[in-house]
Amino acid sequence: MAIEIERKFLVEGDFLPEAVSSTRIVQGYICSAPGRTVRVRVRGGEGYLTIKGASDEKGMSRLEFEWKISLEEAERLLELCEPGTIDKVRYLVPKGAHTWEVDVFHGANEGLVLAEIELKAEEDFFERPAWLGKEVTGDRRYYNSMLTKHPFNTRNT
């Protein structure tokens, strides 16, 4: 059983000089019901199928299972997904003992930039980069599954 522990933040500064790599990600959701998601992702020419459970009350921890699948399978499964697709470029930015994943969104979510950090425990210490903005951990508006239904560019706030 895999537990994902992550925190999510808006990005308010220039992280690009610190980035060491980038990869385009396109993903959709076969299921995005409250408490469970089934995601299909194409990342760097590879396919992945991921199942995630409900987040805890803080929005930090949840069950996560991921399998690598063929690119052809991923592309076919994307055809079965709910309406709305996430298109983003993920940058890896090392800072201290951790590596931040910074997602720059495109399409209907153009202008949104989010940073995530995966932790081994909720209380783990991590260094806050200067470009890090407001924490949005647990704010469902910033879940990728919600961004497919309510894109960033259609919000009033």
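Which residue takes a positive phi in the hairpin of β2 and β3? Here is a friendly walk through the model, with that residue coming up in point 3.

1. **What you are looking at.** This is a predicted model, in which local features need pLDDT of at least 70 and side-chain atom pairs count only at pLDDT 80 or more, while totals for chains, interfaces and linings use all residues. Residues are numbered from 1 along each chain as its sequence is written, and side-chain values use heavy atoms, with hydrogens and water left out.

2. **Overall build.** The chain holds nine strands and two helices, in the order β-β-β-β-β-α-β-β-β-β-α from the N terminus. Helices (H or I, at least four residues) and strands (E, at least two) are DSSP runs, numbered from the N terminus. The radius of gyration is 15 Å, which agrees with the value near 15 Å for a compact globule of 157 residues; it is taken over C-alpha atoms, and the globule rule is 2.2 Å times the number of residues to the power 0.38. The C-alpha trace spans about 40 × 35 × 35 Å along its principal axes. Of the contacts with a separation of 6 or more, 60% are between residues 24 or more positions apart; contact means heavy atoms within 4.5 Å.

3. Strands β2 and β3 (residues 36-43) run antiparallel and are joined by six bridges, with V26 having V42 as its bridge partner in β3. Two strands count as paired if DSSP finds at least two bridges between them. To settle the opening question, G35 takes the positive phi, near 90°, in a hairpin with four residues between the strands. Next, β3 pairs with β4 (residues 46-53) in the antiparallel sense over eight bridges. In that hairpin, which has two residues between the strands, G44 takes a positive phi near 55°.

4. **Q27, a polar residue inside.** Q27 is found in β2 (residues 21-31) and counts as buried because its relative accessibility is 0%. Buried means under 20% relative accessible area, exposed over 50%, and partly exposed in between (1.4 Å probe, protein chains only). The side chain of Q27 makes a polar contact of 2.6 Å with that of R41 and another of 3.0 Å with that of Y29. A polar contact is a pair of N or O atoms within 3.5 Å; within protein, one must be able to donate a hydrogen and the other to accept it, and residues adjacent in sequence count only if both atoms are side-chain atoms. Leaving aside neighbours within four places in sequence, the contacts of Q27 include R39, L78, I86, K88 and N144.

5. **R39, on the next strand.** R39 lies in β3 and stands opposite T50 in β4. With 6% relative accessibility, R39 counts as buried too. Its side chain joins that of E66 through a polar contact of 3.2 Å. Not counting residues up to four places away in sequence, R39 touches Q27, Y48 and K52, among others.

6. **The nonpolar cores.** The largest nonpolar core has 17 residues, and those with the most contacts inside it are V11, F15, W100, V102, A115 and W131. Such a core is a set of buried Ala, Val, Leu, Ile, Met, Phe, Trp, Tyr and Cys residues joined through side-chain atoms within 4.5 Å. The elements giving two or more residues to this core are β1 (3-11), β6 (86-95), β7 (98-105) and β8 (113-118). Beyond its neighbours within four places in sequence, V11 is in contact with V102, V113, L114, A115, W131 and G133. Apart from the 17-residue core lies another of eight residues, including F105, V136, Y142 and L147.

7. T137 lies in the loop between β9 (132-135) and α2 (144-149), and counts as buried at 19% relative accessibility. A polar atom of the T137 side chain lies 2.7 Å from the backbone nitrogen of K8. Not counting residues up to four places away in sequence, T137 also touches K58, G59 and M60, among others. S145 lies in helix α2 and counts as buried at 10% relative accessibility.
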